[in-house]
Amino acid sequence: MSSVPERIPPTYIAVLIPVAAAINIVGGYIVTALHLPVFLDMIGTCVVAWVLGPWWGVLTGVVTNLGLALLVNPVYLPFAACNAIGALVWGYGLKIGLTKDFPRLLFLGIISAFVITSMAVPIYVFVFGGATGHFADIMTAVYLQMGAQLWVAVFSSNILSSLADKILAVFLAVPIVQALPPMLRYRVEITKQPPMKVVMYTIIGIVIGVALAAGFVIATAK
Amino acid sequence: MSTRATLYVPGESFLHKLNPLTKMILIIAFFMVVFPLMNPFILFAFVVLTVVLAAAVGVFKDFLKGMYVLVPASLAMVFFQTFWPAIPPPWKPLLKIGPLTAYHEGLYYGLVFAGRIMAMGAFALLMVLVTHPVDLFISLLKIKVPYILGFMTIVTLQLIPILMREFTTVIQAQRSRGLKARGLTALVPSMVPLFAASMERVQQLAMSLEARAFGSSGKKTSLREVKMSVADYVVIPLSIIGAVAGVVYFYANNWFNYLRTYTFPTEVATAIIALVTIGFFGMAAYYLAKLAG
């Protein structure tokens, strides 16, 4: 395990991780309550990866998916890999200073979306035949009809929801970390929270841009 | 999402009484046989068998509730494969709906995918339904899975209903202050207080763990005890023999792959395609409506 700030007692960690994992799971319930088209099932992972370190984030991801397997359905177990890789990207992203200002944090969100989707697509294609059971499937059908290969269509559609989801997760983790007790956040170098409206328009712009770019590439490659 | 702590349904059936490790061996044996199978009929027969088993051990209602998660994905799976098969051509066209053409091989392949995930999901779900989570983690200790993993998972499961209640309180408090409780702008005012409130809980829990010598290196005991019974010693070899026999038999028959040899009767194929198409577009309409608010 990575080094943890000495001032955080082990019992605190043993409880903080379950709370973060529970928030990951409850996040799915919150977005339904607020009528949002995202998942937000990795915010707790992001917060832990920043506050305690990347490998504790991995543990949070594993615990989240174990919990989901026991609570909803065991098919969620393979997606522990996605949650874990996200924790590594965010945790090491903080260490190399990708959280210091708005553009860098945005970049971290985009990178994490691509890495996590690359992990999720093989699972979706080999286990689920390309289906996710979410709104991403609508875009998958559109790209397939344009003549894309299955895995290209699945990647192109999932990256859209993933971009929205992970950029939002990163920017939501910022005010959450700032609201933590000083003992936890004193080592985390992080930007000030930008207005949520700015984040929202940035996300919409990026998602539409990537959707059009993917469509263009698929249409010309045919 | 249910507010119950886990999927576990208490009971006294033979499946409930098996050791969690035995159930894990059963799952692995089942997956080894089912995963490479290329025949939707056998796969769906496995699904039916699992449903019957679930009814027999008295967890039928909760089983159906758990399977509900797999329905949208299964519909989309069959829909994608039918209209855009992920296998090399030639494909036999079945029927045309507007700009889309349904293919025979695609339908077969889609049903294989759906059957596979349904069979595996159903079996794993059934095993989760009849296993007490604490028993599971006690048995995992015996195969050297760290104690902390089980501890954290159990605490997570217990926190979920508490956090859900807390979220409701937070959102109602914000609403009474005039917050529009929907859309992206409502996220920060609901998530941040939720996290902040949980921190207090973390502090209390950490203290109570400290008071109970959580970090001590002595041997840990548990309120519940898990033992191996005669049934376990019978089921383990049987499942290993079953898995080996199944793999050998199915492999010798090319995993019953009828991909290019079997032809669905037109009425059956039309009915399935109509079902998945309506299901898929229904799902799409639902998500678009949600997106529009």
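Predicted model: local features only at pLDDT ≥ 70, side-chain atom pairs only at ≥ 80, totals over all residues.
**Chain A**

Chain A contains 9 helices and 0 strands. Read from the N terminus, its elements follow the order α-α-α-α-α-α-α-α-α. The radius of gyration of chain A is 17 Å, close to the 17 Å given by the globule rule for 222 residues, so chain A is as compact as a globular protein of that length. The C-alpha trace of chain A extends over about 60 × 40 × 30 Å along its principal axes. Buried residues make up 55% of the 222 residues in chain A. Of the contacts in chain A between residues at least 6 apart in sequence, 69% link residues at least 24 apart.

**Helix packing**

Two packed helices are described by the angle between their axes and the distance between the axes. The table gives these values for one pair inside chain A and one pair across the two chains.

| Helix pair | Angle between axes | Distance between axes |
|---|---|---|
| α2(A) and α4(A) | about 40° | 8 Å |
| α3(A) and α8(B) | roughly 60° | within 9 Å |

Within chain A, helix α2 covers residues 43–51 and helix α4 covers residues 80–95. Their angle of about 40° makes α2(A) oblique to α4(A). The crossing of α2(A) and α4(A) is right-handed. On the α2(A) side, the contact is made by A:Thr45, A:Cys46, A:Ala49 and A:Trp50, which meet A:Asn83, A:Gly86, A:Ala87, A:Trp90, A:Gly91 and A:Leu94 of α4(A). By class, the residues of this contact are 6 nonpolar, 4 polar and no charged.

The crossing of α3(A) with α8(B) is right-handed. Here A:Val63, A:Leu66, A:Gly67, A:Leu70 and A:Leu71 of α3(A) meet B:Met152, B:Thr153, B:Thr156 and B:Leu157 of α8(B). The contact of α3(A) with α8(B) divides into 6 nonpolar residues, 3 polar and no charged.

**Contact between the chains**

The contact as a whole draws 62 residues from chain B and 53 residues from chain A. On the side of chain B that touches chain A, at least two residues each come from α5 (70–83), α6 (104–129), α8 (147–176), α9 (187–211) and α11 (266–292) of chain B. The most is given by α9(B), with 15 residues. This side of chain B comprises 45 nonpolar, 13 polar and 4 charged residues.

**Backbone features of chain B**

Most residues other than glycine have a negative phi, and most peptide bonds are trans. B:Pro89 and B:Pro90 are joined by a cis peptide bond, with omega about 10°. B:Pro90 sits in the loop between α5 and β1 (93–97) of chain B.

B:Asn254 is a residue other than glycine with a positive phi, near 55°. It lies in the loop between α10 (230–252) and α11 of chain B. B:Asn254 has 10 other C-beta atoms within 10 Å and is therefore exposed, as the cut-off for that class is 12 or fewer.

B:Phe256 also has a positive phi near 55° and is not glycine. The loop between α10 and α11 of chain B holds B:Phe256. With 15 C-beta neighbours inside 10 Å, B:Phe256 is classed as partly exposed.

Note on methods: Residues numbered from 1 in each chain as written. Chains lettered and ligands numbered in written order. Contact = placed C-beta atoms within 7 Å. Helix = DSSP H or I, 4+ residues; strand = E, 2+ residues; numbered from the N terminus. Nonpolar A, V, L, I, M, F, W, Y, C, P; charged D, E, K, R; others polar. Buried ≥ 20, exposed ≤ 12 C-beta atoms within 10 Å, placed from the backbone. Axes fitted to C-alpha atoms, helices over the stretch in contact; angles between N-to-C directions. Parallel < 35°, antiparallel > 145°, perpendicular 65-115°, else oblique. Left-handed = near helix turned anticlockwise from the far one by under 90°. Rg over C-alpha atoms; globule rule 2.2 N^0.38 Å.
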